[in-house]
Amino acid sequence: NVRWNDYVMEQCGSTFAKWWKSLLVQDDEDAAYDIESVFDILPNIENNSNYGKLFLKGFLQQIKEISCIPVIQDGKYELVKMNDVILDDSGIIASEHPIFTEEEFYLFTRFKGTLPHKGIRCHTRLNSLLKHFNISKVFNGRHLTDLCENHHFIEWLKNKDNSIKFLGFLVEHGYIDNFWNYPIFLRNNGSLGRADNTYYDIDKYVDDLSFLANDLPRLDQQVRDTLTEKHREWASYSRRFKPFMAYEFARNIFMQFNNFRKKFMSKENSSHFLHFLALTQYSDGIPENYPLCMNDGEILSGNHSVYQESDEALAFAAHSWVDKSWIHFIHNEYFVRDAETVKAYLSSRCGIKPLTTNDCYKSFIANDKLVGKISDRIKTADSSKDFYLYLSDIQDEIGNFTPTMRQSYTLLSTDSKNEDWLPITRTIFWDDDEWCEMTAQPWMPDN
């Protein structure tokens, strides 16, 4: 009797399997049962009672051999055997929020087999059944990195929404550590790259460096910010990306500056990069051939004769005896943002400073290399008068004249008969009554 009871229970399990399968047949859609409800009545495989085990034995022997897993093939509802089914153990499609559509899954994975019907794909009883027999085709986390070899997937990943979904999935399921060496991170220019050659966050420098975008592969801002918002742990992964070293970046640009110089010929690019250097306090200054734009529209190479505009410098440069090529004022656009920081940097690191009165005197009037040129320019009464009036105004800044200054700078003089330009080393008198009386004496020599 015991053996008979055991036999009956096995037959019950086998018969139940056939009956259960019949509920999944959908010859008439109007009469079809809800497949999720059908899977709800699957027996618990973990049942440990004696009769429960016997029932399961008969059920499992029968269910293994029959086509009982609903799928969609070529757009049609069908039942297939378990060994033809793909079990997604990764969660990339067997999820309430699948990352791929079925079409994308087949295209990207090239997996042979068929996914269970989406209505039962996440059903715990189905997954328990498939895992129990272990004869299905299992897609698990180890297969995810194979996606990176599929060009269809690579193109799909270049879409921002897709990138956010996929990276969020990797973070949420703990797969992200397997992907740091794969080019799956969407950059600002729409390309994909590895984390170790992609900058994570250089937003504060983007305005200044956008014209060098090809040399700034950075994580797409929307992707980064959305992941940060949705996944608390994402921000901690910033250290896995390429660190932005401002000094090294600028140094690399300047080391091969001839290859980049054309990009710096515009006022916008030149001023933006100098702003970047000022913000990061780049210590090496600018190259000798760095293009600088002047207020008059001229573009000069390097800092020679370039100054920051100031009232004193403008007034000095306006004198007729100052050659226009000696003083050029860097364009005011360089100071549109963080003016004081940029001005201080130009003065301390680039040798571009505002001219003080003392600078005007020492760098030009007392500069032996320029004394001769100034001397030639003060050979008219008006220019000479203007020159010496200027010296009178700045007399507190004047030191001792150099020998070259004393021999070169002249004054328009007269002996009451003839006029001549005499160096200031000569004894020259004021034109007053006593001078007129003395020069009229017949014994006074000419000159």
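Predicted model: local features only at pLDDT ≥ 70, side-chain atom pairs only at ≥ 80, totals over all residues.

The second largest pocket has a volume of about 280 Å³. A pocket, on a 1 Å grid over the protein atoms alone, is an open set of points with protein on both sides within 12 Å along at least five of seven lines, and its lining residues have an atom within 4 Å of a point. The volume is the space filled by probe spheres set on the points, which are joined across faces, edges and corners.

Residues are numbered from 1 along each chain as its sequence is written, and side-chain values use heavy atoms, with hydrogens and water left out.

Which residues lie nearest the centre of the second largest pocket? They are H97, I99, K165, F169 and E172, out of 15 lining residues. Helix 7 and helix 9 each give two or more residues to this lining, and helix 7 provides the largest share, with 6 residues. Helices here are DSSP runs of H or I with at least four residues, strands are runs of E with at least two, and both are numbered from the N terminus. By class, the lining holds 5 nonpolar, 6 polar and 4 charged residues. In this count Ala, Val, Leu, Ile, Met, Phe, Trp, Tyr, Cys and Pro are nonpolar, Asp, Glu, Lys and Arg are charged, and the others, Gly among them, are polar.

A cavity is a set of grid points where a 1.4 Å probe fits but cannot get out, and the whole structure has 2 cavities of 30 Å³ or more. The largest cavity, of about 40 Å³, has among its lining residues I86, D88, R121 and L130. Strand 3 (86-88) and helix 5 (124-133) each give two or more residues to that lining. The second largest cavity holds about 30 Å³ and is lined by L42, P43, I45, F59, R125 and L129.

Next, the nonpolar cores. Such a core is a set of buried Ala, Val, Leu, Ile, Met, Phe, Trp, Tyr and Cys residues joined through side-chain atoms within 4.5 Å. Buried means under 20% relative accessible area, exposed over 50%, and partly exposed in between, with a 1.4 Å probe and protein chains only. The largest core has 39 residues, and I92, F166, L170 and F185 have the most contacts inside it. The elements that give two or more residues to this core include helix 4 (102-109), helix 7 (160-173) and strand 5 (185-186); helix 7 gives the most, with 6 residues. Apart from this core lies another, of 38 residues, among them Y199 and V342.

Leaving aside neighbours within four places in sequence, F185 is in contact (heavy atoms within 4.5 Å) with residues including L167, W180 and W234.

Finally, the whole protein. It has 19 helices and 12 strands, and 44% of its 447 residues count as buried. The radius of gyration, taken over C-alpha atoms, is compared with a globule rule of 2.2 Å times the number of residues to the power 0.38. The protein has 44 Å, whereas a compact globule of 447 residues would have a value near 22 Å. Its C-alpha atoms fill a box of roughly 165 × 35 × 30 Å along the principal axes.
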